[in-house]
Amino acid sequence: MSLHVLAAIYCSLGRFDEAVPPLERAIKVPDPTRGPDHSLAAFSGHMQLGDTLSMLGQIDRSISCYEEGLKIQIQTLGETDPRVGETCRYLAEAYVQAMQFNKAEELCKKTLEIHRAHSEPASLEEAADRRLMAIICEAKGDYENALEHLVLASMAMIASGQESEVASIDVSIGNIYMSLCRFDEAVFSYQKALTVFKSSKGETHPTVASVFVRLAELYHRTGKLRESKSYCENALRIYNKPVPGTTVEEIAGGLTEISAIYESVDEPEEALKLLQKSMKLLEDKPGQQSAIAGLEARMGVMYYTLGRYEDARNAFESAVTKLRAAGEKSAFFGVVLNQMGLACVQLFKIDEAGELFEEARGILEQERGPCDQDTLGVYSNLAATYDAMGRIEDAIEILEQVLKLREEKLGTANPDFEDEKKRLAELLKEAGRSRNYKAKSLQNLIDPNARPTKKEASAKKWSGLGFKF
């Protein structure tokens, strides 16, 4: 127990990395086979360690701890104990954070079954489970089931007199309607929620701003840009003068969403300012390194589209450093590595680009498989890079692999198929013409206006620069 207390003190001081060793020692002490007290200590230790690792952004390790804690709890209490249901939901939320939606759905269903067995019909526990299930269904694109869960959750909250919670569910229902392009129904749901939030929390509360952002997104999607911008400005006025009790996470999240709207209406500079402000708010907050990395990756994309390639590379490099420190190996990490590689290409750092594309390939093959569009994009970028480096045989091997995948599994209707076929034919022709193959100028690969020399005049440049963002 003293080790748990020591770890808690480190966590309260924001020194989460120092809390990990004592917790790792603590979970080795109890023996769950020696009775409930040992089981409780083992369960608590694993859950506390999972929370600490989560604050450090080490989501995969965190989930492993939660899984072990749940296993111990089930062995001690049985599979249908209400406390097991709460842990199942907790783990399901962690899976959602890690975007492992199938596992999250499986656990959330189990939680619902447990709460149905131990609670009254339409209980608050069941409503909470259904809201989580709606998030999972929405993430998987199953909007109709998500809507059904939200309606049932709303009915339970109405029966319990939970007005603010009903309004929060109305916002979620509006999000589903917007995904289904049922815009009039979405507006109705948002306006219902807005009326409740204004009357119960005040007109300058961050929840009011969050609904303004949803309405701004809706009007942007329906082409009503003036209304969209007006709602963005209304939200920004609230976020720029937050009421006491507003968390920096709420403000940063709102600013990030607004930045996406500004980016989509071709105001990248304003979008960048909002992302920079969001990042500054989160800088000193523990457990936010992965979130900051995500913001930096978005900034990198914007810099890239603006032609500010050095800034793009620096933003991507900072994001990659944070993700590496968190032990990240997700598909998102692979995509960021690919984007950083493209920035390096534009800066003529071809060797660095090649290393980044190779690492991205390994991760995306593992996480998404070889037929995923992101993986295919990395293959294409790596082939172009190998060509620029003079590694023609490696480039040919990759393009042959891509064409085989398209022909056997994806079909040849994709416009990239003909492009890649032409690129492969060109490389094969050059390889057969001379063993002393000269590497193509990188300038000719990335600059569509580059003028070839006389020797290169007959060679067609790769369509789309040979690189895919």
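A surface patch, as the word is used here, is made of residues with over 30% relative accessible area and no salt bridge, and nonpolar side chains are joined into one when they lie within 5 Å. In this predicted model, Val5, Ile9 and Leu13 form such a nonpolar patch on the surface, and together they have about 270 Å² of accessible area. Isoleucine 9 has its place in helix H1, which covers residues 2-12. With a relative accessibility of 44%, isoleucine 9 counts as partly exposed, because that class lies between the limit of 20% for buried residues and the limit of 50% for exposed ones.

The secondary structure comes to 22 helices and 0 strands, and of the 469 residues in the chain, 46% count as buried. The chain exposes about 23,400 Å², of which carbon and sulfur atoms supply 51%. Among contacts between residues at least 6 apart in sequence, 57% join residues that are at least 24 apart.

Helix H6 has 18 residues and reaches 26 Å from its first C-alpha to its last, close to the 26 Å expected at 1.5 Å a residue. The buried residues of H6 are Phe101, Ala104, Glu105, Leu107, Cys108, Thr111, Leu112, Ile114 and His115. In an α-helix there are 3.6 residues a turn, so residues three or four places apart point the same way. What covers the buried residues of H6 includes helix H4 (59-77) and helix H5 (82-97), together with helix H7 (124-139) and helix H8 (143-159).

Methionine 299 counts as buried because its relative accessibility is 5%. Leaving aside neighbours within four places in sequence, methionine 299 is in contact with Leu272, Leu275, Gln276 and Met279. For leucine 275, which is 24 residues away from methionine 299 along the chain, the C-alpha atoms of the two residues are separated by 7.1 Å.

A disulfide is a covalent bond between the sulfur atoms of two cysteines, and a search of the whole structure finds 0 disulfides. Cysteine 344, at 0% relative accessibility, counts as buried, whereas cysteine 371, at 24%, counts as partly exposed.

Key:
Residues numbered from 1 in each chain as written. Predicted model: local features only at pLDDT ≥ 70, side-chain atom pairs only at ≥ 80, totals over all residues. Heavy atoms only, no water. Patch = residues over 30% accessible without salt bridge, like charges linked within 9 Å, V, L, I, M, F, W, Y side chains within 5 Å. Areas by Shrake-Rupley, 256 points an atom, 1.4 Å probe, with all protein chains shown as cover. Salt bridge = Lys/Arg side-chain N within 4 Å of Asp/Glu carboxyl O. Helix = DSSP H or I, 4+ residues; strand = E, 2+ residues; numbered from the N terminus. Buried < 20%, exposed > 50% of the residue type's maximum accessible area, 1.4 Å probe, protein only. Disulfide = S-S within 2.5 Å. Contact = heavy atoms within 4.5 Å. Expected span 1.5 Å × (residues − 1).
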